[in-house]
Amino acid sequence: MKETMTCASCKETIVEKKHIKAMDKFYHEEHFNCAVCSVDLSEVPVYTREDDIYCESDFKAKFLAKCAQCSQYIEDDCLKAMERMWHPEHFQCTSCQTIISSDMSYRSKDCQPYCEACYAAAVLPKCDNCSKPILDRVLSVKDFNNKEEQHFCSDCYHNSVLPKCARCTQPITDKALKAFDKQWHVGCFVCVDCKTTFEGSRNFYSLSGQPICGPCAGVKEE
């Protein structure tokens, strides 16, 4: 018994001797066309998806992603990063062109990937004191003479910008007390002799630039 052939495109029986067979399906010659642009596929590569047939360009445009770096279709391995698709070999640091592999961390700036080293060198703000990239919180100081802000890393901010306590020489990070043209931690501003604080209205005097209370200085106070 002769097999009945049905055209996969028009669903009509094929009675002509000339027909086309592709992907285990049969087509009238005039129906073997791209599902998008209707170009004749009899002499060109044919692509199929979900029972439809396509020319190469329409298949790629419909089903393949384009690489964010080279803008070419990705036909093999695909990498997704920064909400875009890439050829794995094209996911590179914008600055040094090093391929960013799966075991490397990266940063993004203006939708471009950077390796950690180049991000620090090219993107992060630099400390105005040591010139190194500021990896943690940026600490700023306004210079009212030239009206420009200076930026410091934490270490330089504490070591070079913050005032130092006249007694313990450590940076003053909170409330400071000013006396004898120096600055002091509140807890460090005590009598050099008896260590009594000067909280309230208690008088203090200077002994070699250090605070001293009246009794220790030999001053009688009412």
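**Note on the predicted model**

1. Asp110 lies in the loop between β7 and β8 (112-115). Asp110 has a positive phi of about 55° although it is not a glycine.

2. Cys111 counts as exposed, at 53% relative accessibility. For context, most residues other than glycine have a negative phi.

3. On cysteines, the count of disulfides comes to 0. Cys34 is buried, with a relative accessible area of 3%.

4. Cys156 is likewise in no disulfide. The nearest cysteine sulfur, that of Cys153, is 3.6 Å away. Cys156 is buried, and its relative accessible area is 9%.

5. The largest pocket has a volume of about 170 Å³. Cys34 belongs to its lining, together with residues including Lys11, Lys25, Tyr27, His31, Asp51 and Asp52. Two strands, β2 (25-27) and β4 (52-54), each supply at least two residues of this lining. By class, the lining of the largest pocket comprises 5 nonpolar, 3 polar and 4 charged residues.

6. Trp86 and Phe91 are both buried.

7. Phe91 also pairs with Tyr106: the ring centres are 5.1 Å apart and the planes stand at 90°, so this pair is edge-to-face. The pair links distant parts of the chain, 15 residues apart, with Phe91 in the loop between β6 (84-86) and β7 (106-109) and Tyr106 in strand β7. Which of burial or exposure describes Phe91? Phe91 is buried, with a relative accessible area of 2%, whereas Tyr106 is partly exposed, at 32%.

8. A cluster of rings is formed by Phe180, Trp184, Phe189, Phe198 and Phe204, linked through ring pairs. Of these members, Phe189 lies in the loop between β12 (182-185) and β13 (204-207). Phe189 is buried, with a relative accessible area of 4%. Phe189 and Cys168 are 21 residues apart in sequence, and their C-alpha atoms are 9.9 Å apart in space.

9. Two charged side chains sit over aromatic rings. Where does the charged end of Arg49 sit? The charged end of Arg49 is over the ring of Phe63, 4.3 Å from its centre. Lys66 lies over the face of Tyr73, at 5.2 Å from the ring centre.

Terms used: Residues are numbered from 1 along each chain as its sequence is written. This is a predicted model: local features need pLDDT of at least 70, side-chain atom pairs count only at pLDDT 80 or more; totals for chains, interfaces and linings use all residues. Side-chain values use heavy atoms; hydrogens and water are left out. A disulfide is a pair of cysteine sulfur atoms within 2.5 Å. Buried means under 20% relative accessible area, exposed over 50%, partly exposed in between (1.4 Å probe, protein chains only). On a 1 Å grid over the protein atoms alone, a cavity is a set of points where a 1.4 Å probe fits but cannot get out, and a pocket is an open set with protein on both sides within 12 Å along at least five of seven lines; lining residues have an atom within 4 Å of a point. Grid points are joined across faces, edges and corners, and a volume is the space filled by probe spheres set on the points. Helices (H or I, at least four residues) and strands (E, at least two) are DSSP runs, numbered from the N terminus. Ala, Val, Leu, Ile, Met, Phe, Trp, Tyr, Cys and Pro count as nonpolar, Asp, Glu, Lys and Arg as charged, and the others, Gly among them, as polar. Rings of Phe, Tyr and Trp (its six-membered ring) pair if their centres lie within 6.5 Å; planes under 30 degrees apart count as stacked, over 60 as edge-to-face and the rest as tilted. A charge sits over a ring if NZ of Lys or CZ of Arg is within 6 Å of the ring centre and within 35 degrees of the ring normal.
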